[in-house]
Amino acid sequence: MMHRNNQLGCNLSALMNLFEKYGGVPTVSRIVSRFYREVLERPTLRPYFEGVDMARLISHQVKFISHVLGPPASVYEGRTLELAHGGLRITGAAFAEVAGILRATLVEAGMVPEDVDTVMGAVARARTAIVES
Ligand code: HEM
């Protein structure tokens, strides 16, 4: 099988296994809602999402996790991460906070440490596309 990398520079087949391993859509949806609730509760992060309408917000929830877990990234035809985040002035601190919330959510959901590291590696590689210095 060919090893194609997705937008985050991840091996797609490896991540696809993760998506399936953790129960596919139902589990991912649960992870997404917990992750996002936490993000929106942070006064430091909430302002980034304030002008964004609900449909886009939900789309972001799903796409965020899909991107880092794998398969839907292969069918994702939206904007690049650079375009989606350009002009939002996302700071390194905000990025780190979001990444920390994601890590905690995955651990809480029962993901084993090795897989958490795989996901967080993908997140780390997306940093330069998202953070504006
Ligand atoms: C690895 C990290 C991240 C990934 C993979 C990711 C993924 C995405 C994707 C795929 C979109 C496009 C949604 C669409 O066009 O429908 C998006 C939009 C957005 N992201 Fe992220 N994101 C990440 C980090 C962040 C961070 C750290 C913030 C803010 C602190 C953020 C805030 C936003 C906002 C506000 C939008 C909506 C922009 C708009 O529609 O006007 N993202 N993100």
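Tutor: Helices (H or I, at least four residues) and strands (E, at least two) are DSSP runs, numbered from the N terminus. On that basis Lys 63 is placed in helix α4. This is a predicted model, in which local features need pLDDT of at least 70, side-chain atom pairs count only at pLDDT 80 or more, and totals for chains, interfaces and linings use all residues. Residues are numbered from 1 along each chain as its sequence is written.

Student: What is the secondary structure of the chain under that assignment?

Tutor: The chain has eight helices and zero strands. From the N terminus on, its elements run α-α-α-α-α-α-α-α.

Student: Why is Lys 63 called partly exposed?

Tutor: A residue is buried if 20 or more other C-beta atoms lie within 10 Å of its own, exposed if 12 or fewer, and partly exposed in between, with C-beta atoms placed from the backbone. Lys 63 has 18 other C-beta atoms within 10 Å, and is therefore partly exposed. Between the C-alpha atoms of Lys 63 and Val 32, which are 31 residues apart in sequence, the distance is 9.4 Å.

Student: Where does Ala 99 lie, and what makes Ala 99 partly exposed?

Tutor: Ala 99 belongs to helix α7. Its count is 17 other C-beta atoms within 10 Å, so Ala 99 is partly exposed. Over the chain, buried residues make up 20% of the 133 residues.

Student: Which residues does Ala 99 touch, not counting residues up to four places away in sequence?

Tutor: Two residues are in contact if their C-beta atoms, placed from the backbone, lie within 7 Å. With residues up to four places away in sequence not counted, Ala 99 touches Met 120 and Val 123.

Student: How do you know that α7 and α8 are roughly antiparallel?

Tutor: Two packed helices are described by the angle between their axes and the distance between the axes. Axes are lines fitted to C-alpha atoms, for helices over the stretch in contact, and angles run from 0 to 180 degrees between N-to-C directions. Helix α7 (residues 92–108) and helix α8 (residues 113–130) pack at about 165°, with their axes 11 Å apart. Angles under 35 degrees count as roughly parallel, over 145 as roughly antiparallel, 65 to 115 as roughly perpendicular and the rest as oblique. The pair α7 and α8 is therefore roughly antiparallel.

Student: What makes α2 and α7 oblique instead?

Tutor: Helices α2 and α7 pack at an angle of about 140°, with their axes 9 Å apart. By the angle classes, α2 and α7 are therefore oblique to each other. Their contact is made by Ile 31, Arg 34, Phe 35, Glu 38 and Val 39 of α2 and Val 98, Ile 101, Leu 102, Thr 105 and Leu 106 of α7.

Student: What qualifies as a nonpolar core, and how many residues has the largest one?

Tutor: A nonpolar core is a set of buried Ala, Val, Leu, Ile, Met, Phe, Trp, Tyr and Cys residues joined through C-beta atoms within 7 Å. The largest has 16 residues, and those with the most contacts inside it are Val 28, Ile 31, Val 32, Phe 35, Ile 65 and Leu 106. Two or more residues each come from α2 (24–41), α4 (54–69), α7 and α8. Helix α2 contributes the most to this core, with six residues.
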